[in-house]
Amino acid sequence: MNRNFSTVAQRAPSALATNKVLRNTYMLLSMTLLFSGLTAAISMYMNMPPMTYLICVIGGMVLAMFVLPRFANSPAGIGIVFLVTGMLGFGLGPMLSMYASLPNGGNVITLALGGTGVIFLGLSAYVLATRKDFSFLGGFLMVGFLLVLMAAVANIFLAIPAMSLMISAVVILIMSGFILYDTSRIIHGGETNYVLATIGLYMTIFNIFISLLQILGIMGGDD
Amino acid sequence: MDWMKIFSALALIMFIVILFPRARDMMKNSPKGTSSDWMSFAIPVVMIVLFIMFLIQLV
């Protein structure tokens, strides 16, 4: 009897801590997505050149990979998350302007945005409802992601539209796997830092949105 | 070949080099999934493929 009480007493704080990480992650994620939308709108308004995307993505990645982990446990980490997501949103501006100028562009952007939201919410709900442990996906997803990056390097020089479409489709599937993996890590206590959890989920949403935009742009005959 | 393509390729290659050790570690240390685990991954993936096909129909 005492052992049962002890088990409950040990599990309760752990579940509370997990819920807190999850709640903080979703709160910070929603704020950073709104902030990204704002910086993207500013970038569109300023009519930034296409190279802005490349500079912002490289800058954002360097900050996220090398600077953020050092400050993840301090309040400065939240500021860096906003800096990274703001930069990535700002980089999206020229791409969104290009799509918006196409005849069906508004529809493509709206569908990509809505589609990204449905995919993220659907997969998150799936993990939260089933509480399945997707830690077994880690190696598979990382290797898949590296292979896609190699294919992307090759396609920069080959410039094959069908390959570009294939890469975008595979990126969406791999990023979907990362949503399952990251959310599962949060609910099973594998990720206890909501700043790092937020940036991981933000990156997957960002990549799904860009890939969906590209697929819908090409398939809509507007690219 | 314009400099933006070269710069993009270099950035991607650098990214691959940085991620490679992490991918190797994750491959070695990831737990093995059972067929039921893989099935629980395959179901949402199939749903996403169908959803993307649906979105393409809407464009």
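The dialogue below treats the interface, its salt bridge and its helix pairs.

Q: On what basis are the values computed?

A: This is a predicted model, in which local features need pLDDT of at least 70 and side-chain atom pairs count only at pLDDT 80 or more, while totals for chains, interfaces and linings use all residues. Residues are numbered from 1 along each chain as its sequence is written, chains are lettered from A and ligands numbered from 1 in the order in which they are written, and side-chain values use heavy atoms, with hydrogens and water left out.

Q: How much area do chain B and chain A bury between them?

A: The size of an interface is often given as the accessible area lost when the parts come together. Here chain B and chain A bury about 3800 Å², 89% of it on carbon and sulfur atoms; buried area is the accessible area (1.4 Å probe) that two parts lose on being put together, summed over both. On the chain B side, B:I16, B:F41 and B:V59 lose the most area to chain A, together 16% of what that side buries. The contact (heavy atoms within 4.5 Å) takes 45 residues from chain A and 38 residues from chain B.

Q: Which side chains meet in a salt bridge, A:K132 being one of them?

A: Side chains of opposite charge can pair when their charged atoms come close. The rule requires a side-chain nitrogen of Lys or Arg within 4 Å of a carboxyl oxygen of Asp or Glu. By this rule there are two salt bridges over all chains. A:K132 lies in the loop between α4 and α5 (138-158) of chain A and B:D37 in helix α2 of chain B, so the pair joins two chains. Their side chains meet at 3.3 Å, N to O, and one salt bridge is found across the interface of chain B and chain A.

Q: At what angle do helix α4 of chain A and helix α2 of chain B pack?

A: Two packed helices are described by the angle between their axes and the distance between the axes. Helices are DSSP runs (H or I, at least four residues), numbered from the N terminus. Axes are lines fitted to C-alpha atoms over the stretch in contact, and angles run from 0 to 180 degrees between N-to-C directions. Helix α4 (residues 105-130) of chain A and helix α2 (residues 35-58) of chain B pack at about 165°, with their axes 11 Å apart. α4(A) is therefore roughly antiparallel (over 145 degrees) to α2(B). The residues of this contact divide into ten nonpolar, three polar and no charged; Ala, Val, Leu, Ile, Met, Phe, Trp, Tyr, Cys and Pro count as nonpolar, Asp, Glu, Lys and Arg as charged, and the others, Gly among them, as polar.

Q: Which residues of α7(A) and α2(B) meet?

A: A:L212, A:I215, A:L216 and A:M219 in α7(A) meet B:I52, B:L55 and B:I56 in α2(B). Helix α7 (residues 194-219) of chain A packs against α2(B) at an angle of about 45°, with the axes 9 Å apart.

Conventions. Parallel < 35°, antiparallel > 145°, perpendicular 65-115°, else oblique.
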